[in-house]
Amino acid sequence: MDHRPDAEVVEICRDLIRIDTTNFGPQPGPGEREAAEHVAGLLDEVGISSEIFEAGPKRASLIADWAPEGVDTSATPLLIHGHLDVVPANADDWTHHPFAGEIADGCVWGRGAVDMKDFDAMVLSVIRARARAGVAPRRPVKLVFTADEEAGSHYGAHWLVDHHRDQLDGCTEAIGEVGGFSLTVRDDLRLYLIQTAEKGIAWLRLIADGTAGHGSMRNDDNAVTELAAAVARIGAYDWPHKITEAQRAFLDAVSEALEVELDPDRAQETLAKLGSISRMIGATMSNTTNPTMLTAGYKHNVIPGRAEAAIDGRFVPGGREEFLATIKELVGDKITIEMDTLQPSVETEFSGALVEAMQRSLAAEDPGARAVPYLMSGGTDAKAWDRIGIRCFGFAPLRLPADLDFVGMFHGVDERVPTDALEFGARVLDRFLATA
Ligand SMILES: [Zn+2]
C-alpha cells in the first residue's frame, strides 16, 4: 500500500467529480447524499468513523472526528471543511464532460475541480495515507464535508451550526476554501493567497409601488419608471475604495514583490500585471452593487402597479452600515428595500501559529513560496463557522502554472485543475497537519 500523502488525490478527485452534486437551490439535487456516503466509505476503509446529518431530504453533510493515537489531546481540534456540492454545468459548453472526471492536458477536468472537490480530495488522500501508516496529526482533526454551500449553506454549514452546534464544540480555527493557490510573480517568487477575510453579502429587493393604469394615459406615478431610475443609479454608482487590513497587507506584498509603489486609487492598473486575479482583487477594493433581476408588468398597454428589482450587493468588512445607508440614499424614499439575504463579512488576523505552519509547509514544497493574506469577494461556509467564533482561513494549497486563469475556473466552463497541483497540495497539507 502506498503511504505517500499525494498517492490517491487525483483518483479521489476524479471519483468525486463523477458524482453529480449539482445544487439547484432549496430542492434536493442529485448527488449530495451519494457524495457524503462515498466520503464516509473512504474514511471507513481506514478505520475513521463518521456521521451523516441531513438538513432535508438528501441534503447530507458529514462530520468525522479523527484523533488517532499520538495526537496532542490537550490541543483544540482543527476544523477542516469542504463542501461537496457544485454549481450547475451545461455539458454542451464543455470540452470534456463536466461529470466525467477526465484527465487531459495534465489536468483533471470537471465541475468541482477547483470548487472544491480538489481540496476535498487532498484532505481525504492525506488523511487516508496517515491513517494507514499510523502517523497522527499534531492535534485532533474535525472533518466536515457540507451540502449546499453554493446556495447559501442553509442546508449545510449554517444548518449544522443551528442544529448540531455541539458537534463543533472546542473548534477555534479552521481551514477550507478559497485560498492557498499561487500567483506567479517571478520564476523564483510565487505569492500564495491565504484567505483571511470575505466580503459581506446583501441581496436586496427593490420594490416600487405606483398607480396602475392604461398605457395610453399620462401617469406621473409609474412604478416601472421609478424603479428603473433607482436601478440605474445603483448600477452606475462608483463605490469609493475602502482598503481593509487584509487588503493592505496583500497590496504591500504585491508592491514589494513587483517593486512598484501601489497607490490604492490606481491599484487596478498595477494589479492587471498579475493577470486574471486582478478581477477578483479589484472587486474587493470597494463595495459592489450589481442589478441582476427585473420584474414588472404583464401586458404592453397596461401600467403595472408594482415593479421589482434584485440587487447583488457585497460590502467590505466593517462597511455594512455605510453600505446600507448609501443604498437608501441612492434609491430614494419612494422605493421599499427588502433584504432577501444579509450575511455578515468575515475577517481574522493573518498571524499566529496556524499561519506560521502554513508558511512553513508551503516553503518546504516550494522554496519560492510567500504566503500573503487576502480578502475574498465571494462568500463561503466560513460565514457559518464565524458565527460561533471560529477563525477561518482559506488554505487549499495549489501550485499553479503562471498562465492558468484560475479565478475564471470558479463556476466557469472547462473548470479544471492540474494533477501536479493536486499532488502538491496534498503534500503541503500533510506537512501542515504535522505541525498545525
Ligand atoms: Zn466553493
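This is a predicted model: local features need pLDDT of at least 70, side-chain atom pairs count only at pLDDT 80 or more; totals for chains, interfaces and linings use all residues.
On the α10 side, Leu-354, Ala-357, Met-358, Arg-360, Ser-361, Leu-362, Ala-364 and Glu-365 are in contact with α13, where the partners are Phe-424, Arg-427, Val-428, Arg-431, Phe-432 and Thr-435. By class, the residues of this contact comprise eight nonpolar, two polar and four charged. To view the geometry, display residues 353-365 for α10 and residues 419-435 for α13: the two axes come within 8 Å and cross at roughly 135 degrees. That angle makes α10 oblique to α13. The crossing of α10 and α13 is right-handed.

The axes of α3 and α13 come within 9 Å, with a crossing angle of roughly 55 degrees. This makes α3 oblique to α13. The crossing of α3 and α13 is right-handed. From α3, select Asp-118, Phe-119, Met-122, Val-123, Val-126, Ile-127 and Arg-130; from α13, select Leu-422, Gly-425, Ala-426, Leu-429, Asp-430, Leu-433 and Ala-434. These residues of the contact of α3 with α13 divide into ten nonpolar, one polar and three charged.

Val-39, Leu-42, Leu-43 and Glu-45 of α2 form the contact with Leu-124, Arg-128 and Arg-132 of α3. The contact of α2 with α3 contains four nonpolar, no polar and three charged residues.

Now move to the zinc ion. Which residues coordinate the zinc ion? Select His-83, Asp-115 and Glu-177: the donor atoms are NE2 of His-83, OD of Asp-115 and two OE atoms of Glu-177, at 1.8 to 2.6 Å. The donors follow the spacing H-x31-D-x61-E along the chain.

With the angle tool, examine the four donor atoms around the zinc ion. Why is the arrangement irregular? The donors subtend angles of 54 to 153 degrees, whereas a tetrahedral assignment would require all angles to lie between 85 and 135 degrees. For reference, the ideal angle for four tetrahedral donors is 109.5 degrees.

Asp-115, a zinc ligand, is joined to Met-116 by a cis peptide bond with omega of about -10 degrees. Met-116 is in the loop between β5 and α3. Then select Glu-177, another zinc ligand: a cis peptide bond joins Glu-177 to Val-178, again with omega of about -10 degrees. Val-178 is located in the loop between β7 (173-176) and β8 (181-186).

Finish the tour at Lys-58, in the loop between β1 (50-54) and β2 (60-66). Here phi is near 65 degrees, a positive value in a residue other than glycine. Most residues other than glycine have a negative phi, and most peptide bonds are trans.

Note on methods
Residues are numbered from 1 along each chain as its sequence is written. Side-chain values use heavy atoms; hydrogens and water are left out. Axes are lines fitted to C-alpha atoms, for helices over the stretch in contact, and angles run from 0 to 180 degrees between N-to-C directions. Helices (H or I, at least four residues) and strands (E, at least two) are DSSP runs, numbered from the N terminus. Angles under 35 degrees count as roughly parallel, over 145 as roughly antiparallel, 65 to 115 as roughly perpendicular and the rest as oblique. A crossing is left-handed if the near helix is turned anticlockwise from the far one by less than a right angle, and right-handed if clockwise. Contact means heavy atoms within 4.5 Å. Ala, Val, Leu, Ile, Met, Phe, Trp, Tyr, Cys and Pro count as nonpolar, Asp, Glu, Lys and Arg as charged, and the others, Gly among them, as polar. Donors are N, O and S atoms within 2.8 Å of the metal (3.2 Å for Na, K and Ca); water is not among the atoms, so sites may look incomplete. Four donors count as tetrahedral if all angles lie between 85 and 135 degrees; four count as square planar and six as octahedral if opposite donors are over 155 degrees apart and all others between 65 and 115; anything else is irregular.
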